[in-house]
Amino acid sequence: MSIEPIALSEALASFDALWSPRIVTRVNDYDARVAKVEGEHIWHVHDDTDEFFLVLDGELHISLREPDGERTVRLPTGAVFTVPRGTEHKPSAPAGAAILMFEPTGTPTVGDRHAEIPDHIDATTGHALDS
């Protein structure tokens, strides 16, 4: 882990893979991960943790299945949103986006329960920034 400042624009420029987050730093037992996203992720649930999103560029949509029904939140550049633990959700970015996520180290990108994982989704707990 670097003890020097990290420019998020440089971190994002260092890889091209979509839906394949890179860990830019750790805070206690949490990862700060950046990712490039486009198209749709999968419906999934994190049973024991919330999931924080900050949109760095573009617009992210997060569909949620809640007790009152399904809804989609739209997050423009600069917006933040936290998906509560246990909430089934599906991120998407029709025109592409760059995001930062904050979640406990070791949290899988496809959650604890999920739909079938298509080839364009990287099922990972995050990659080192330099990989």
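At 30% relative accessibility, Phe102 counts as partly exposed in this predicted model, because its value falls between the 20% limit for buried residues and the 50% limit for exposed ones. The ring of Phe102 pairs with that of Tyr30, and both residues contribute to a nonpolar surface patch.

**Aromatic pair**

- The structure holds one aromatic pair.
- Its members are Tyr30 and Phe102, whose ring centres are 5.1 Å apart and whose planes meet at 15 degrees; the pair counts as stacked because planes under 30 degrees apart are classed in that way.
- Distant parts of the chain are linked by this pair, with Tyr30 in strand β2 and Phe102 in strand β8 (residues 88–104), a separation of 72 residues.
- Two quantities are used for such a description: a pair of aromatic rings is characterised by the distance of the centres and the angle of the planes.

**Nonpolar surface patch**

- Val27, Tyr30 and Phe102 make a nonpolar surface patch of about 230 Å².
- Tyr30, which is located in strand β2, has a relative accessible area of 34% and is therefore partly exposed.

**Charges over aromatic rings**

- The charged end of Arg65 is placed over the ring of Trp43, at 3.7 Å from the ring centre.
- Lys36 lies over the face of Phe15, and here the distance to the ring centre is 5.4 Å.

- Most residues other than glycine have a negative phi.
- Trp19 has a positive phi, near 55 degrees, and is not a glycine.
- Trp19 belongs to the loop between α1 (8–13) and β1 (22–27).
- Trp19 counts as buried because its relative accessibility is 6%, and the limit for that class is under 20%.
- Asn28 is also a residue other than glycine with a positive phi, of about 55 degrees.
- The loop between β1 and β2 (30–40) is where Asn28 is found.
- Asn28 has a relative accessible area of 73% and is therefore exposed, the limit for that class being over 50%.
- In summary, Trp19 is a buried residue, whereas Asn28 is an exposed one.

Methods. Residues numbered from 1 in each chain as written. Predicted model: local features only at pLDDT ≥ 70, side-chain atom pairs only at ≥ 80, totals over all residues. Heavy atoms only, no water. Helix = DSSP H or I, 4+ residues; strand = E, 2+ residues; numbered from the N terminus. Buried < 20%, exposed > 50% of the residue type's maximum accessible area, 1.4 Å probe, protein only. Phe/Tyr/Trp six-rings, centres within 6.5 Å; stacked < 30°, edge-to-face > 60°. Lys NZ or Arg CZ within 6 Å of the ring centre and 35° of its normal. Patch = residues over 30% accessible without salt bridge, like charges linked within 9 Å, V, L, I, M, F, W, Y side chains within 5 Å. Areas by Shrake-Rupley, 256 points an atom, 1.4 Å probe, with all protein chains shown as cover. Salt bridge = Lys/Arg side-chain N within 4 Å of Asp/Glu carboxyl O.
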